[in-house]
Amino acid sequence: MDDDEGVRESLHAVLESYAIAVEGFASIDEFIQRYDGRREGCLVLDLHLPRAGGMVVIDWLRRRMRSALPILVITGHGDKATRSAVLAAGADDFMEKPLDIERLVSAIQDLSSRRPSP
């Protein structure tokens with residue numbers, strides 16, 4: 001999920017070139033409306049989103065929905081404290097932009113292969 005359409009489209013194209021199925025969301029509201037609790041794979045989540053940040057999504061998934069869906073947070077403005085806070089909130093991985101595509105693909109494949117516990 002990224003609010004920047006160009007970033008979403010670029011990530012979409014790159015990930016599909018690695019045979020990774022992709023579904024993009026422009027906003028938190030769109031993701032929440034379409035989330036059904038049965039999603040498999042991995043959520044790639046921009047930390048800085050309009051209205052409410054990525055931390056709101058992490059909290060919603062982990063505490064309200066009790067979802068084990070793996071979350072990979074990406075941000076253009078990260079530091080050690082931000083990384084620690086994101087991981088403590090329930091994200092599974094954290095990457096700073098600009099993204100290393102090989103590392104991103106590897107992380108998505110690793111996280112997507114995990115079987116969440118019920």
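Author: Helices (H or I, at least four residues) and strands (E, at least two) are DSSP runs, numbered from the N terminus. This is a predicted model, in which local features need pLDDT of at least 70, side-chain atom pairs count only at pLDDT 80 or more, and totals for chains, interfaces and linings use all residues. Residues are numbered from 1 along each chain as its sequence is written, and side-chain values use heavy atoms, with hydrogens and water left out.

Reader: Thank you. Where is Asp-46 found?

Author: Asp-46 belongs to strand β1, which covers residues 43-46.

Reader: Is Asp-46 buried or exposed?

Author: Asp-46 counts as buried because its relative accessibility is 5% (buried is under 20% relative accessible area, exposed over 50%, partly exposed in between, with a 1.4 Å probe and protein chains only).

Reader: Let us turn to the helices. How far apart are the end C-alpha atoms of α1?

Author: The end C-alpha atoms of helix α1, residues 5-17, are 18 Å apart. That agrees with the 18 Å that its 13 residues should span at 1.5 Å a residue (1.5 Å times one less than the number of residues).

Reader: What comes just after α1?

Author: Just after α1, Ala-19 takes a positive phi of about 65 degrees. Ala-19 is a residue other than glycine, and its place is the loop between α1 and α2, the latter being residues 28-34.

Reader: Is Ala-19 buried or exposed?

Author: Ala-19 counts as exposed, because its relative accessibility is 73%.

Reader: What is the phi of Arg-66?

Author: The phi of Arg-66 is near 55 degrees, again a positive value in a residue other than glycine. Arg-66 sits in the loop between α3 and β2, where β2 is residues 71-75. With a relative accessible area of 68%, Arg-66 is exposed.

Reader: And the peptide bonds? Which one is cis?

Author: The bond from Lys-97 to Pro-98 is cis, and its omega is near 0 degrees. Pro-98 is part of the loop that runs between β3 (93-96) and α5 (101-113).

Reader: One last topic: which residues of α3 meet α4?

Author: On the α3 side they are Met-55, Ile-58, Arg-62 and Arg-63. Their partners in α4 are Ala-85, Val-86 and Ala-89 (contact means heavy atoms within 4.5 Å).
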